[in-house]
Amino acid sequence: KNDRPEIDGLRALAVLSVIIYHGDLSLFGYKLLKGGFLGVDIFFVISGYLITNLILNEIKLKGKFSYLFFYERRARRLLPALFVVILTIIPVSFLLLLPSEFEEFSKSVLYTLGFGSNFYFYYSGLIYGAENGLLKPLLHTWSLSVEEQFYFIFPIITLFFLKFFKNKIIYIV
């Protein structure tokens, strides 16, 4: 549970900026948030802050950090919603996509489940926001994959620096 209203405010700002980008909203002929990644960037910063806080608090309270417990919490938070999205999209995609498109979609499902869809879509030559992206129902999972990769790597890096450079961590950061 988050008791930090400022973080909830930042989340609201992030969601709003994603909606503005995807809504292709303009003001006086000027496209708002044409870069489109502001909301995702805010989410990534919030995630980094919260994960760092979680790691440091666990070490402070228990004297150690449990990777298993950490990843179990991530899985309980993210996997149910991801499975619902994928299981909902599969039959719809089967009905609406051509066989070759459905084959590509099936690959994207596998990469999404392995939290590597960002690499899959990048190396497939797809450009986010391009018209051909409209036929990629899981394209939006690229950011989830980046976040999960961060969850995998960041605790290892953090614990390494805490173990070997604890007195100099403020300078490193």
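Let's start with Lys107, which is partly exposed, with a relative accessible area of 34%. What does Lys107 form a salt bridge with? Its partner is Glu104, and the closest N and O atoms are 3.4 Å apart. Glu104 counts as partly exposed too, at 28% relative accessibility. Keep in mind that this is a predicted model.

Both Lys107 and Glu104 lie in helix H4, three residues apart, or about one turn of the helix. That spacing is handy to know about: an α-helix has 3.6 residues a turn, so residues three or four places apart point the same way. And side chains of opposite charge can pair when their charged atoms come close.

How many salt bridges does a search of the whole structure find? It finds six. Here are three of them:

| Pair | Closest N and O atoms |
|---|---|
| Lys107 and Glu104 | 3.4 Å |
| Arg76 and Glu72 | 3.5 Å |
| Glu58 and Arg73 | 3.3 Å |

Take the pair Glu58 and Arg73, joined by a salt bridge. This one links distant parts of the chain: Glu58 sits in helix H2 and Arg73 in helix H3, 15 residues apart. Is Glu58 buried or exposed? Glu58 is buried, because its relative accessible area is 7%, and buried means under 20%.

Arg76 and Glu72, on the other hand, both belong to helix H3, four residues apart, again about one turn of the helix. Arg76 is exposed, with a relative accessible area of 52%, while Glu72 is partly exposed at 39%.

**A nonpolar patch**

Now for some side chains of another kind. Phe83, Leu87, Ile90, Leu110, Tyr111 and Leu113 make a nonpolar surface patch of about 590 Å². Which helices supply at least two residues each? They are helix H3 (67–96) and helix H4 (99–113). Leu110 is one of the patch residues and lies in helix H4. Leu110 counts as exposed because its relative accessible area is 62%, and the cut-off for exposed is over 50%.

**Helix H6**

Last stop: helix H6, residues 142–164. At 1.5 Å a residue, its 23 residues should span 33 Å, and the end C-alpha atoms are 33 Å apart, so the two agree. There is still a kink of about 30 degrees at Ile153, shortly before the proline Pro155.

Pro155 is also among the buried residues of H6, a list including Trp142, Leu144, Tyr151 and Leu162. What do the buried residues of H6 pack against? They pack against helix H2 (38–62), H3, helix H5 (117–123) and helix H7 (169–172).

Technical notes. Residues are numbered from 1 along each chain as its sequence is written. This is a predicted model: local features need pLDDT of at least 70, side-chain atom pairs count only at pLDDT 80 or more; totals for chains, interfaces and linings use all residues. Side-chain values use heavy atoms; hydrogens and water are left out. Patches are made of residues with over 30% relative accessible area and no salt bridge: like charges are joined within 9 Å, nonpolar side chains (Val, Leu, Ile, Met, Phe, Trp, Tyr) within 5 Å. Accessible areas come from the Shrake-Rupley method with a 1.4 Å probe; for residues, only the protein chains shown count as cover. A salt bridge is a side-chain nitrogen of Lys or Arg within 4 Å of a carboxyl oxygen of Asp or Glu. Buried means under 20% relative accessible area, exposed over 50%, partly exposed in between (1.4 Å probe, protein chains only). The expected span of a helix is 1.5 Å times one less than its number of residues. The bend at a residue is the angle between axes fitted to the seven residues ending there and the seven starting there. Contact means heavy atoms within 4.5 Å.
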